Amino acid sequence: MVTTSRILGPDGQPFRVTELAAPQTAHATQLQREFQGHPSRGLTPTRLASILLAAEQGDAIRQYELFEDMEERDAHIFSEMSKRRRAVAGLPWKIAPPKNPSAAERSAAEQLQEMLESMDNLEGILFDTTDAIGKGFVNQEIEWGRIGSAWQPKSILHRPQSWFQFHRGYQQEIRLRNGTGEGEALRPFGWITHTHSAKSGYMERSALFRVLVWPYLFKNYSVGDLAEFLEIYGIPMRIGKYPPGASEKEKLTLLRALMQIGHNAAGIIPEGMTMDFPAVAEGDPKAFELMIEWCERSQSKAILGGTLTSQADGKSSTNALGNVHNEVRKELKDADGKQVATTLTRDLVYPLAVLNGLIPQGDRRRCPRFVFDLAETKDITVFAEALPALVGLGMRIPPSWAHTELGIPEAGPDEPVLGATPVAPQADRAALSRAHPAAAVAAPRDREDQLVGLVADEIDPVVAGWVDKIQALVDGARDLEQVREGLLALLPQLSTEQFTRAMQHALAIGGAAGMLDGLEDSRG
C-alpha cells in the first residue's frame with residue numbers, strides 16, 4: 001500500500017494521492033445538468049457537412065451527439081456495432097506477470113487477478129471501453145475507495161464524449177470541458193481513457209462513425225421516401241375543381257374532402273364543386289430498397305470488414321466467402337482486444353498495483369498485464385491423430401503449446417485429472433526397456449510394427465546366432481547349390497520347449513491386439 005503523499009502516474013509525473021478523494025467531475029455541475037442535443041433531426045447534407053467541419057475546427061459536441069443518434073436510431077448500425085463490441089467484451093481474460101517473473105511479480109499478478117474478479121461490473125466496464133471503436137475515444141471515470149486496507153474502484157462510470165474537447169499540441173490531448181478554450185487536463189489514475197482510430201489522423205476525424213455518417217444520411221432519405229411512397233401507393237390521384245369566385249373557406253373545405261377520400265374513402269364537398277380521379281398512384285419500391293441495401297452493405301463493410309457474416313443474398317453468399325469474411329472479423333476482434341488490453345493495463349491494472357504497493361512506482365515495464373485469450377481452439381480429433389505421429393518422428397512438442405491450441409487448461413500440481421497416467425521421461429523409458437523388454441514402450445509408427453517388436457523380444461534370442469552363420473555361408477559359397485546344401489546342414493534344431501514358448505508368446509500378443517481392436521470398434 002502507498003504510504004507517501006505523492007506517487008507517479010502512468011506518464012511518470014508525480015501527483016498527490018489526496019486528489020483521488022473525489023472524482024474530477026464532482027464539481028462539474030454544468031456538465032451534469034447538460035442535456036444532449038439531437039442533430040439528426042432534420043439532417044441534410046449541408047447541415048451534416050457543417051457539423052463535421054465544426055468538429056475539425058474544435059467544436060466536436062454536435063458530432064458526438066450525432067454519433068449517439070446514429071447508434072440509437074439505425075438498427076443496422078446498432079446490430080453490427082454490437083457484434084463487434086461484444087466480440088471483445090466476451091473474451092476470457094487474465095492478469096499475466098511480466099516475462100521472466102520473480103516470485104513477487106507472480107504474487108502481484110495473482111492478487112491483481114483477485115481484485116479484478118471481485119469487481120461487480122467488470123463486464124460492463126469492458127463493454128463501455130469498446131464504445132471507442134465507433135466514436136474514436138471513450139472516457140470512464142474512476143471513483144476510488146478503500147475496502148479494508150486495499151484501494152479499489154468504488155465505481156467506474158462512462159462519460160459522454162460531448163463532455164470533452166481536444167487540445168492540440170505536440171501530442172493531441174483529450175481534456176474535460178470547463179467553459180474555457182483550453183479545457184481541464186484529466187487527472188492521473190482518475191480515468192480509463194481508450195482511443196481507437198479507424199484511420200490515421202486527428203481524433204475528431206479518425207472515428208469509425210465519420211465513415212458511416214453519409215450512408216446513414218442517404219439511408220434516412222431512402223427510408224423516408226419509401227414511407228411516403230407506400231402511403232399513397234394504390235390510392236388514385238384526386239383533383240378537386242371549384243367554381244370561379246369560391247371563397248378561401250370553400251377551397252379549404254374541398255381540400256379537406258380530397259384528403260378524407262384518400263384515407264377514408266368517404267367525404268363531402270359543397271354543391272357546385274367536383275372531383276376527378278384521373279389515375280391510380282403507381283410505381284416500384286425496389287429503387288428505394290436498392291438504395292437502402294447499398295447503404296447497409298456499406299455500413300457492414302466499414303464495421304465488420306464484409307457483408308457475408310451479417311447478410312446473405314443467395315447469390316454471392318458461399319461458404320468459402322463466408323469463411324473469408326469470418327477471418328476478417330477475427331482479425332478485427334484480435335486487434336480490438338489487444339488495444340483494449342493495453343488501455344486497461346495502463347489505466348486500471350497499473351493504478352491498482354501502485355496504490356496497493358504491489359510494484360515499484362514508475363516501473364510500468366514490470367507491471368502485470370491485462371491479457372485477452374485470443375487463441376482459436378483447434379480440432380481435437382486432428383491433434384489426437386497428428387501429435388503421436390509427430391512425436392514418433394522425434395519432434396519435441398511442449399505440452400503447454402498443445403494445451404493452448406486445444407483450449408484445455410493445464411491442471412495444477414494438486415488438481416485431479418482425468419485418467420492421469422504419468423509419462424516417463426525418455427531416459428526412464430530406455431531404462432525400463434532394458435529391464436523389461438516385453439513391456440518396453442517402443443516408438444513404431446503403426447500397430448503392426450509394435451506387434452512385430454513384441455514378438456521379436458521372444459524370438460530374437462533364438463535366431464540371433466542364425467544370421468552370422470548364414471551370412472558366412474553365403475559369402476563362402478561358389479554357387480546356389482552349395483548355399484542350398486549349407487542351409488540344410490545349418491537347419492536349426494529348435495527344441496519343443498523353445499518352440500512352445502515362442503508360440504505362446506506370439507498367440508498372447510495376437511489375442512491382446514484383437515481385444516483392443518474390438519474395444520475400439522465398439523467405441524467408434
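**Figure 1. Gly240 in strand β10.** Gly240 lies in strand β10, which spans residues 239-241; helices (H or I, at least four residues) and strands (E, at least two) are DSSP runs, numbered from the N terminus. The model is predicted: local features need pLDDT of at least 70, side-chain atom pairs count only at pLDDT 80 or more, and totals for chains, interfaces and linings use all residues. Residues are numbered from 1 along each chain as its sequence is written, and side-chain values use heavy atoms, with hydrogens and water left out. With a relative accessibility of 23%, Gly240 counts as partly exposed; buried means under 20% relative accessible area, exposed over 50%, and partly exposed in between (1.4 Å probe, protein chains only). A distance of 8.9 Å separates the C-alpha atoms of Gly240 and Ala257, which are 17 residues apart along the chain.

**Figure 2. Overview of the protein.** The protein contains 17 helices and 12 strands. Of its 524 residues, 32% are buried. Among contacts with a separation of 6 or more, 67% are between residues 24 or more positions apart, where contact means heavy atoms within 4.5 Å.

**Figure 3. Packing of helices α2 and α3.** Helix α2 (residues 45-56) packs with helix α3 (residues 61-73) at an angle of about 125°, and their axes are 7 Å apart. This geometry makes α2 oblique to α3. Axes are lines fitted to C-alpha atoms, for helices over the stretch in contact, and angles run from 0 to 180 degrees between N-to-C directions. Angles under 35 degrees count as roughly parallel, over 145 as roughly antiparallel, 65 to 115 as roughly perpendicular and the rest as oblique. Helix α2 contributes Leu48, Ser50, Ile51, Leu52, Ala54 and Ala55 to the contact, and α3 contributes Arg62, Gln63 and Leu66. By class, the contact of α2 with α3 comprises 6 nonpolar, 2 polar and 1 charged residues; Ala, Val, Leu, Ile, Met, Phe, Trp, Tyr, Cys and Pro count as nonpolar, Asp, Glu, Lys and Arg as charged, and the others, Gly among them, as polar.

**Figure 4. Packing of helices α4 and α6.** The axes of helix α4 (residues 75-89) and helix α6 (residues 122-129) come within 9 Å and cross at roughly 135°. Helix α4 is therefore oblique to α6. Their crossing is right-handed; a crossing is left-handed if the near helix is turned anticlockwise from the far one by less than a right angle, and right-handed if clockwise. Arg85, Arg86 and Ala89 of α4 meet Leu126, Phe127 and Asp128 of α6 in this contact. These residues divide into 3 nonpolar, no polar and 3 charged.

**Figure 5. Packing of helices α4 and α10.** Helix α10 covers residues 286-304, and its axis comes within 10 Å of that of α4, crossing at roughly 20°. The two helices, α4 and α10, are therefore roughly parallel to each other. The crossing of α4 and α10 is right-handed. On the α4 side the contact is made by His76, Ile77, Glu80, Met81, Lys83 and Arg84, and on the α10 side by Glu296, Gln299, Ser300, Ala302, Ile303 and Leu304. The residues of this contact divide into 5 nonpolar, 3 polar and 4 charged.

**Figure 6. The largest nonpolar core.** A nonpolar core is a set of buried Ala, Val, Leu, Ile, Met, Phe, Trp, Tyr and Cys residues joined through side-chain atoms within 4.5 Å. The largest one has 39 residues, of which Leu112, Leu116, Trp144, Phe189, Phe370 and Phe372 touch the most other members. Two or more residues are given to this core by each of α4, α5 (103-117), α6, β4 (137-147), β5 (150-159), α11 (319-355) and β12 (369-372). Helix α11 provides the largest share, 10 residues. A second, separate core of 33 residues includes Phe67, Met70, Trp163 and Leu208.

**Figure 7. Surroundings of Trp144 and Phe189.** Neighbours within four places in sequence aside, Trp144 is in contact with Leu20, Trp151, Gln152, Pro153, Lys154, Phe189, Pro351, Leu352 and Leu355. Phe189 is located in the loop between β8 (184-185) and β9 (191-195). Phe189 is buried, at a relative accessible area of 3%, and has a positive phi of about 65° although it is not a glycine.

Figure 8. Asn100 occupies the loop between β3 (93-96) and α5. Although not a glycine, Asn100 has a positive phi of about 50°. Asn100 is exposed, with a relative accessible area of 73%, whereas Glu105, at 15%, is buried. Glu105 belongs to helix α5. Apart from neighbours within four places in sequence, Glu105 is in contact with Pro97, Pro98, Asn100, Arg366 and Pro368.
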